[in-house]
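Me: I'd like to learn how to read aromatic contacts in a model. Could you walk me through them?

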Amino acid sequence: GTEREEELIEGKLEEIPIDLNEAIAEGDEKDALSGLIITNWKKQTLELPGRGTFIQAQYTDSAVLVYQAFNDDIADYAIKNQRFEGCENYNSTRMTWVKTNFLWMMNRSGWAAKRNQCRILGIWLKRSSFDDYLSIAREKGPKKDDLNIGKVRLQWDPDHDPVGVAYKRRRAIQLGLKGVKSFANGDDIVKIVDVTTLAERGRKLINGQKKTWESSLMVAKERIYPVEDAKISANLTTIIILDWDKRKKLSW
């Protein structure tokens with residue numbers, strides 16, 4: 001089997017550290033089920049820019065958290081096996097879109113209420129793998145896909161608040177992965193966790209306390225992700241410029 005399969009068999013996978021304790025600031029806490037650092041939504045809105053095109057994510061020195069929604073069959077398999085390859089309902093030839101932004105994922109999945117999106121997975125990617133994705137990601141155009149990685153697409157979509165209202169001047173990133181074998185077989189993945197309960201708590205709070213939820217809603221803690229590699233910076237800068245051109249045309 002692969003090195004990852006041997007780690008799973010020998011029980012070594014849990015030894016791979018994702019040390020989030022140093023990232024816990026005053027007012028934040030660790031979600032007991034998913035292990036994510038969570039924070040008050042209103043507090044976080046004051047800590048992030050109100051406009052711009054940037055990557056916001058929960059990350060450590062070695063890993064970056066992305067999200068995707070699945071049905072029960074795929075989610076159960078992925079959590080048990082810590083990979084997607086081998087699940088008969090997972091099609092790696094289709095493009096799967098992962099998001100670094102928790103609230104973008106909640107908006108897309110209806111807080112884990114939409115059909116076939118009832119389970120939210122938090123996928124901790126190796127930071128080096130995430131950076132590799134960014135280095136070849138593209139919106140469109142003639143650039144060839146990296147044969148060693150696969151096809152990676154990038155979209156800057158309107159960021160959303162917890163009830164789905166779009167921020168007109170702030171964009172969130174999502175990456176489309178197709179034929180990325182190292183993602184499907186788990187080589188790029190540090191750990192897969194179930195974030196569904198956190199999503200369900202948020203949905204029940206918003207639906208049940210329509211006038212008071214803002215002061216008590218807890219969401220995944222996120223910071224602006226630093227892009228330090230020159231190759232990645234050059235690639236993303238091109239995409240950001242294209243995005244700004246679009247916004248000018250739309251008179252934003």
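Reply: Happy to. Keep in mind that this is a predicted model. Let's begin with burial: Trp111 has a relative accessibility of 7%, so Trp111 counts as buried, the cut-off being under 20%.

Me: Which residue forms an aromatic pair with Trp111?

Reply: To name the geometry of a pair, look at the angle between the ring planes: over 60 degrees counts as edge-to-face. Phe102 pairs with Trp111 in that way, with 80 degrees between the planes and 6.0 Å from centre to centre. Phe102 is buried too, with a relative accessible area of 1%.

Me: How many aromatic pairs are there in the whole structure?

Reply: A search of the whole structure gives nine. One of them joins Tyr67 and Phe102: the ring centres are 5.7 Å apart and the planes meet at 70 degrees, so this pair is edge-to-face.

Me: Why does the pair of Tyr67 and Phe102 tie together parts that are apart in sequence?

Reply: Check where each partner sits. Tyr67 belongs to strand S5 (residues 63–70) and Phe102 to helix H4 (residues 102–109), so the contact links parts 35 residues apart in sequence. Both Tyr67 and Phe102 are buried.

Me: Which residues form one aromatic cluster?

Reply: Phe70, Phe84, Tyr90 and Phe183 do.

Me: And which charged residues lie over the face of a ring?

Reply: Here you look at the distance from the charge to the ring centre. Arg170 lies over the face of Tyr167 at 4.3 Å from the ring centre, and Arg223 lies over that of Tyr59 at 4.0 Å.

Conventions
Residues are numbered from 1 along each chain as its sequence is written. This is a predicted model: local features need pLDDT of at least 70, side-chain atom pairs count only at pLDDT 80 or more; totals for chains, interfaces and linings use all residues. Side-chain values use heavy atoms; hydrogens and water are left out. Rings of Phe, Tyr and Trp (its six-membered ring) pair if their centres lie within 6.5 Å; planes under 30 degrees apart count as stacked, over 60 as edge-to-face and the rest as tilted. Helices (H or I, at least four residues) and strands (E, at least two) are DSSP runs, numbered from the N terminus. Buried means under 20% relative accessible area, exposed over 50%, partly exposed in between (1.4 Å probe, protein chains only). A charge sits over a ring if NZ of Lys or CZ of Arg is within 6 Å of the ring centre and within 35 degrees of the ring normal.
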